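The sequence and structure come first.

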Amino acid sequence: MEGLDNVAKSFGYEWKAHHRGVLEDETLFGRTLAEDWEYFLTATGQRDPALRDAVVLDAGCGSGRLTRQIAEHGAGAVVGVDVNEAVDEAYAATRDLPNVYIVQGNIFALPLQERAFDLVWSNGVIHHTPDAARAHAALSQMVQPGGTLYVWVYPRRFNPFRFVKDIFNATRLSRLPEPALFNIAKALAYPSAGLLWLYRSVRRIPGLRPRTAWGERTVRERNLQEIELTWFDALSPEYDSRHSEEEVIGWFKSQGFTGIGALEEPKVGVRGTAPGKQFQAAVGAATEARDSSAARSAPA
Ligand SMILES: C[S@@+](CC[C@H](N)C(=O)[O-])C[C@H]1O[C@@H](n2cnc3c(N)ncnc32)[C@H](O)[C@@H]1O
């Protein structure tokens, strides 16, 4: 499928480097294992006991780090799916756990039984596909009636990393091979660390202190490795669409989800409860009909 080559290569490079300990090691995007887990529980509205025996899909599992945690906390089975070339590393990182299955696959054509999952988790993934709404629809079909789907996407708001990415796109610099982008990410990390230090100092001045959870996140300490990973993650993927809270909630509504809730600022982490089988079948058929008519009317 169009766009998959770049995704498979760029994220393959990123996760292989991460597994070698080059792009962060103990933490991932600055989060510790405990913080990752707290985020997972808050975002999905689960508590550990409710997770016990659940069948979970980690769609776009990346490093496999969270896949591992979900399994360790007692899930019945966790399937981690990713299209990139580093799934072998995710497999190696989880192979000692009997309840983990790592599969190389594409969200748009998952080699898995539909409506088989109690919980589908997809964090930071679908905006890296050519069509995030369609990726959301594909994931919706994997959740069993009454099950939960959670997605987090890039928010539509200013972000310095993605601002630079837009310049790279405009000048075609983002087409550079991964090792070159990796070196650029490393070079950008030094001045960025200085600027972030300056920004943090200014935001400590009374009256300028952050007032929201999002503001707090922008002033947290970041080490050089996290900044390097953030730069590489921002610069290398071909697709990185940005979305509003209303848009993401709209995706859930159009798939018949109920109990839709957006997380605290920025509210682009959204979860919902999947509708019954009949509704899902009807939406699945309508989505298929729409996609095939779009394919027929597309210029050859
Ligand atoms: C930013 S990473 C997020 C990884 C992980 N969910 C996390 O939170 O750390 C995005 C991941 O989505 C995967 N991905 C992107 N498009 C995909 C697709 N069409 N099918 C499966 N995985 C995909 C990439 O390979 C990459 O590992």
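## Strand β5 and its partners

β5 and β7 run antiparallel and are joined by five bridges. Within this pairing, Leu149 stands opposite Gly272 in β7. The model is a predicted one.

β5 also pairs with strand β4 (residues 117-123), here in the parallel sense and over six bridges. Phe117 is found opposite Val143 in β5. Together with α6, the strands β4 and β5 make a β-α-β unit, and this unit is right-handed. As for burial, β5 is mostly covered, with seven of its 10 residues buried.

Helix α11 spans residues 245-254, and its buried residues are Val248, Trp251 and Phe252. Viewed down the axis of α11, the buried residues fall within an arc of 95 degrees, so they line one face of the helix.

Glu246 and Lys253 lie on the other side of α11, where they are exposed. Just after the helix, Gly256 has a positive phi of about 80 degrees.

## What covers the buried face

Which elements cover the buried residues of α11? The cover includes the helix α6 (132-140) and the strands β5 (143-152), β6 (258-262) and β7 (269-273).

Two of these elements return from the strand pairing above: β5 and β7 are the antiparallel pair, and both are included in the cover of α11. α6 is likewise part of that cover, and α6 also belongs to the right-handed unit with β4 and β5.

Definitions and conventions
Residues are numbered from 1 along each chain as its sequence is written. This is a predicted model: local features need pLDDT of at least 70, side-chain atom pairs count only at pLDDT 80 or more; totals for chains, interfaces and linings use all residues. A residue is buried if 20 or more other C-beta atoms lie within 10 Å of its own, exposed if 12 or fewer, and partly exposed in between; C-beta atoms are placed from the backbone. Helices (H or I, at least four residues) and strands (E, at least two) are DSSP runs, numbered from the N terminus. The arc is that of the directions from the helix axis to the C-beta atoms. Two residues are in contact if their C-beta atoms, placed from the backbone, lie within 7 Å. Two strands pair if DSSP finds at least two bridges between them. A crossover is right-handed if, with the strands pointing away from the viewer, the path from the first strand over the helix to the second runs clockwise.
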